[in-house]
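Welcome, and thanks for taking a look at this one. Below is a short briefing to read alongside the sequence and the model.

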Amino acid sequence: IATHPVSALPVRDLFAANAKLIRDLCYASSLSEEEAQRFLLPVIVNLARIVHLVPASEDSEDGHHQGYGGLFRHSLEVAYYAANEAKLTIFDQGETPKQKFLNRRRWILTTILAGLIHDVGKVFINAKIVDGNGLEWGENEPLLDWLRRNKIKRYQISIVCKKGDYFYR
C-alpha cells in the first residue's frame with residue numbers, strides 16, 4: 001500500500017491550486033461571467049469531485065501529470081487547448097454567416113466540455129482508492145462525496161495497469 005496517503009481536500013483547495021488555469025479557461029471560453037458560472041464552472045466542480053487528487057498517469061517517461069491532482073490539471077489543460085483550437089475552427093460550414101456567429105460560442109463550450117471529461121473514466125477503470133482501514137471506494141458516487149460521507153481525511157491511490165498494481169507515491 002502507498003506510504004503517502006492523500007489528504008481529502010475540499011474542491012475550493014483544488015480550485016485554488018489551479019486558479020490561473022481555471023481563469024484562463026473561462027476567458028478562452030468566450031462566455032460571459034454569468035454564462036461561465038452557469039454552464040462551465042459546475043462541470044469543473046463536478047470533475048474535481050470525481051477525480052479529486054488522482055494522477056493522470058502512472059508511468060510515463062516525461063512524468064505526464066503523474067502527481068497528485070494530475071488528472072484534474074490534465075483535464076483543465078486539455079479543455080483550455082481545445083478552446084483555443086475551437087476558436088480557429090469553423091464547425092458548421094454549411095450555415096449562414098449569421099448562424100455561424102450565433103453557434104460559435106456553443107461550439108467552443110462543447111469542445112471545452114469534451115476536453116474536461118475526455119479522461120474521466122480513468123478514475124473508474126484505473127484507480128483503486130482505499131482509506132487507512134481498507135475501506136474501498138465503490139465508484140458509485142463521486143470520490144469526494146464518498147470521502148465526506150465516510151469522514152475520511154486521508155486515502156491511498158493505487159493505479160492498476162497491465163503490469164499489475166502500481167502504487168502511487
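Which residues does Val78 touch, not counting residues up to four places away in sequence? With those neighbours set aside, Val78 touches Gly115 and His118. Please keep in mind that this is a predicted model. The chain has 169 residues, and 43% of them count as buried.

**Overall layout**

- The chain's secondary structure is made up of seven helices and four strands.
- Reading from the N terminus, the order of elements is β-α-α-α-α-α-α-β-α-β-β.
- Among the contacts in the chain with a separation of 6 or more, 66% join residues 24 or more positions apart.
- The accessible surface of the chain is about 9,700 Å², and carbon and sulfur atoms hold 54% of that surface.

**The nonpolar core**

- The largest nonpolar core has 44 residues, and those with the most contacts inside it are Leu40, Ile44, Val54, Phe72, Leu116, Ile129 and Tyr155.
- At least two residues of this core come from each of helix 1 (11–17), helix 2 (19–28), helix 3, helix 4 (70–86), helix 5, strand 2 (127–131), helix 7 (143–149) and strand 3 (154–161).
- Helix 3 gives the most to this core, namely eight residues.
- Leaving aside neighbours within four places in sequence, Leu40 is in contact with Leu25, Cys26, Ser29, Leu31, Glu35, Leu109, Ile112, Leu113 and Leu116.

**The largest pocket**

- The volume of the largest pocket is about 180 Å³.
- Its lining consists of Leu31, Glu35, Phe39, Phe101, Leu102, Arg104, Arg105, Arg106 and Leu109.
- Helix 3 (33–51) and helix 5 (97–117) each supply at least two residues of the lining of the largest pocket, and helix 5 has the largest share with six residues.
- By residue type, the lining of the largest pocket has five nonpolar, no polar and four charged residues.
- Leu31 and Glu35, which line the largest pocket, are also among the contacts of Leu40.

**The second largest pocket**

- The second largest pocket has a volume of about 150 Å³.
- Ala86, Lys87, Leu88, Thr89, Ile90, Phe91, Asp92, Lys100, Asn103, Arg104, Trp107 and Ile108 form the lining of the second largest pocket.
- Helix 5 provides the largest share of the lining here too, with five residues.
- The lining of the second largest pocket divides into six nonpolar, two polar and four charged residues.
- Arg104 lines the largest pocket and is also part of the lining of the second largest pocket.

- Is Trp146 buried or exposed? Trp146 counts as buried because its relative accessible area is 3%, under the 20% cut-off.
- Trp146 sits in helix 7, and its contacts beyond four places in sequence are Ile129, Val130, Asp131, Leu135, Glu136, Trp137, Glu141 and Ile152.
- Asn18 lies in the loop between helix 1 and helix 2, and it is buried because its relative accessibility is 8%.
- Leaving aside neighbours within four places in sequence, Asn18 is in contact with Phe72, Arg73 and Leu76.

**Back to Val78**

- Val78 belongs to helix 4 and is partly exposed, with a relative accessible area of 26%.
- Val78 and Asp119 are 41 residues apart in sequence, while their C-alpha atoms are 9.8 Å apart in space.

**Two backbone angles to check**

- Most residues other than glycine have a negative phi.
- Glu139, which is not a glycine, has a positive phi of about 65 degrees.
- Glu139 is located in the loop between strand 2 and helix 7, and with a relative accessible area of 32% it is partly exposed.
- Lys151 likewise has a positive phi, near 55 degrees, in a residue other than glycine.
- Lys151 is located in the loop between helix 7 and strand 3, and it counts as exposed because its relative accessibility is 71%, over the 50% cut-off.

Technical notes:
Residues numbered from 1 in each chain as written. Predicted model: local features only at pLDDT ≥ 70, side-chain atom pairs only at ≥ 80, totals over all residues. Heavy atoms only, no water. Buried < 20%, exposed > 50% of the residue type's maximum accessible area, 1.4 Å probe, protein only. Contact = heavy atoms within 4.5 Å. Areas by Shrake-Rupley, 256 points an atom, 1.4 Å probe, with all protein chains shown as cover. 1 Å grid on protein atoms, 1.4 Å probe; cavity = no way out; pocket = protein on both sides within 12 Å on 5 of 7 lines; lining within 4 Å. Points joined across faces, edges and corners; volume = space filled by probe spheres on them. Nonpolar A, V, L, I, M, F, W, Y, C, P; charged D, E, K, R; others polar. Core = buried A, V, L, I, M, F, W, Y, C linked by side-chain atoms within 4.5 Å.
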